[in-house]
Amino acid sequence: MKHIYLFLILFFSFVSSVFSQFNNKGFAHPLQIEPVAVYSKVRGNLSYWDKDYNQVKEINKNVGVEGEYKFSESFSVISSVGRTEYSQTDTTKEVTWDRYNVGLKYGKIFDAGNSQFLIGGGLRIYDKKRNSLFREHENPEYYLIRPNFGLGYKYGIFQIMTELRFQTETNKQGRESKLEEFKRYYQIGIAPSFGIADSVRIFTELEYREPIDKTADKNLRYFNFFPGISMNTESMGTFSFSLMFGMLPKADNAMDRGIRFSYFYFFDTN
């Protein structure tokens, strides 16, 4: 019996030390959803998705870099640049630069004993997409406005972050004329994760997107599952990998499958 008590004491001491260790590292960066925590970071992305329906196959490949600078404890600015290769069956490949964009983020962490709560949000504005053709799910002649809001919770090795996003197309005047049809959608994301070692975290993210006009913009809709893993190194940054699987029938999901590799370099550890 003494051996059992000794084992239980050692086991719970180990679990407590692990939970305490992870509790002091702030919120981990999600691999897919837009985080409402603020960071100072550089992120590189390689991503791919495709859709094959009614003998038409879409393929989208992207390489991009995102930078974020936390200029106060709760605020940061963010921007990104990237290159996209897009093709459909029986069409030539279209290679374009991603839209220029800039955003402002707010995130506040509250301590509650051994737990932490996060509340945050932001606004991101995208320029027109230069030298790009019109596609059903994107009009390059319009600007994009994307506000988002989210919550987070952290206890020991477990973390969860959520995001509610709204996006609309707009013109310079910020209003719609009788001859224009702006595509709009709202999107919900949830990103639970578990630290399985000091430098390894697994993610099981979900994203659901619903267009405001369900008839005209049906191809904007999706419900995707993103399992992933993140591996942190002491001096060479963080490497991550995630897969994408569509959860809706092929006719209703904007994407079938995908994959993403990301590299993060964080300039702080808060």
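A residue is taken as buried when its relative accessible area is under 20%. In this predicted model, both R124 and E34 are buried. The two residues form a salt bridge in which the closest N and O atoms are 3.4 Å apart. This pair connects distant parts of the chain, with R124 in strand β6 (residues 115–126) and E34 in the loop between α1 (2–23) and β1 (41–53), a separation of 90 residues. R124 and E34 also belong to a network of salt bridges that includes K41, E66, E68 and K105.

In general, side chains of opposite charge can pair when their charged atoms come close. Across the whole structure, 13 salt bridges were found. Among them is a contact between the side chains of E85 and K61, at 3.8 Å from N to O. Here too distant parts of the chain are linked, since E85 lies in strand β3 (residues 75–88) and K61 in strand β2 (residues 56–70), 24 residues apart. E85 counts as partly exposed because its relative accessibility is 24%, and K61 is likewise partly exposed, at 38%.

A further salt bridge joins the side chains of R184 and E176, with an N to O distance of 3.1 Å. R184 is partly exposed at 26% relative accessibility, and E176 is partly exposed with a relative accessible area of 37%.

E234 is located in the loop between β11 (222–232) and β12 (238–246). With a relative accessible area of 85%, E234 is exposed. The C-alpha atoms of E234 and S199 are 8.7 Å apart in space, while the two residues are 35 residues apart in sequence.

Methods. Residues numbered from 1 in each chain as written. Predicted model: local features only at pLDDT ≥ 70, side-chain atom pairs only at ≥ 80, totals over all residues. Heavy atoms only, no water. Helix = DSSP H or I, 4+ residues; strand = E, 2+ residues; numbered from the N terminus. Buried < 20%, exposed > 50% of the residue type's maximum accessible area, 1.4 Å probe, protein only. Salt bridge = Lys/Arg side-chain N within 4 Å of Asp/Glu carboxyl O.
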